[in-house]
Amino acid sequence: MTRLKRYNLAAMAAALTLTLLLSAWIAVTIINPLKEAAIAARKISAGNFNVDIPPGGDDETGVLLKTMSAMQKNIRDRMGQEQNLRSLAQHRLADSLDKS
C-alpha cells in the first residue's frame with residue numbers, strides 16, 4: 001500500500017469512529033429522553049397519572065420533561081379536588097334525603 005492510501009484509510013477510519021461516537025452521544029442525550037417522554041405521555045393520555053416522568057436537565061428535552069411533570073401534578077391535583085367536591089356533594093345529598 002502506498003503512503004497516501006494508508007493516510008486515506010486512517011482518515012476514513014477516524015471519520016467513521018467520530019461519526020459513531022457522535023451518533024451515540026445524540027442517542028443518549030436527545031433521542032432516549034424523547035422516547036421516555038413519549039412513553040410517559042401515552043400512559044398519561046390513557047389515564048395513568050402516576051407514571052414516573054424522568055427528571056430533565058437544562059436542555060430543551062429537560063424542559064419538556066419538567067413541563068410534563070408539572071402538568072401531571074396539576075392534573076392529579078385537579079382530579080383530587082374534583083373527587084373531594086363530588087364526595088362532599090354526595091354527603092350533602094345523602095343528608096338531605098335523610099332529613100326529608
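## Basis of the model

The model is predicted, so local features need pLDDT of at least 70 and side-chain atom pairs count only at pLDDT 80 or more, while totals for chains, interfaces and linings use all residues. Residues are numbered from 1 along each chain as its sequence is written, and side-chain values use heavy atoms, with hydrogens and water left out.

## The nonpolar core

The largest nonpolar core has 8 residues: Ala37, Ala40, Ile44, Phe49, Val51, Ile53, Leu65 and Met68. Helices α1 (3-45) and α2 (60-99) each supply at least two residues of this core. The largest share, 3 residues, comes from α1. A nonpolar core here is a set of buried Ala, Val, Leu, Ile, Met, Phe, Trp, Tyr and Cys residues joined through side-chain atoms within 4.5 Å. Buried means under 20% relative accessible area, exposed means over 50%, and partly exposed lies in between (1.4 Å probe, protein chains only). Helices are DSSP runs of H or I with at least four residues, strands are runs of E with at least two, and both are numbered from the N terminus.

What does methionine 68 contact, leaving aside its neighbours within four places in sequence? The partners are Ala37, Ala40, Ala41 and Ile53. Contact means heavy atoms within 4.5 Å.

## The nonpolar surface patch

Leu22, Trp25, Ile26, Ile30, Ile31, Leu34 and Leu64 make a nonpolar surface patch of about 600 Å². Helix α1 gives the largest share, 6 residues. Patch residues have over 30% relative accessible area and no salt bridge; nonpolar side chains (Val, Leu, Ile, Met, Phe, Trp, Tyr) are joined within 5 Å, like charges within 9 Å. Accessible areas come from the Shrake-Rupley method with a 1.4 Å probe, and for residues only the protein chains shown count as cover.

Isoleucine 30 sits in helix α1. Its relative accessibility is 35%, so isoleucine 30 counts as partly exposed.

## Salt bridges

The count comes to 3 salt bridges. Each is a side-chain nitrogen of Lys or Arg within 4 Å of a carboxyl oxygen of Asp or Glu. One joins lysine 66 to aspartate 58, with the closest N and O atoms 3.9 Å apart. Lysine 66 is partly exposed at 44%. Aspartate 58 is exposed at 77%.

Lysine 73 and aspartate 77 meet at 2.8 Å, N to O. They are 4 residues apart in helix α2, so about one helical turn separates them. Lysine 73 is partly exposed at 47%, and aspartate 77 is partly exposed at 36%. Glutamate 82 bridges to arginine 86, with the closest N and O atoms 3.7 Å apart. This pair is also 4 residues apart in α2, which means about one helical turn. Arginine 86 is partly exposed at 45%.

Glutamine 72 is found in helix α2. It is buried, with a relative accessible area of 3%. Its side chain reaches the backbone oxygen of phenylalanine 49 at 2.8 Å. Leaving aside neighbours within four places in sequence, glutamine 72 contacts Ile44, Phe49, Asn50, Val51 and Ile53.

Threonine 61 also lies in helix α2. Is threonine 61 buried or exposed? At a relative accessible area of 9%, threonine 61 is buried. Beyond neighbours within four places in sequence, threonine 61 is in contact with Thr29, Ile30, Pro33 and Leu34.

Definitions and conventions
Polar contact = N/O pair within 3.5 Å; in protein donor to acceptor, adjacent residues only side chain to side chain.
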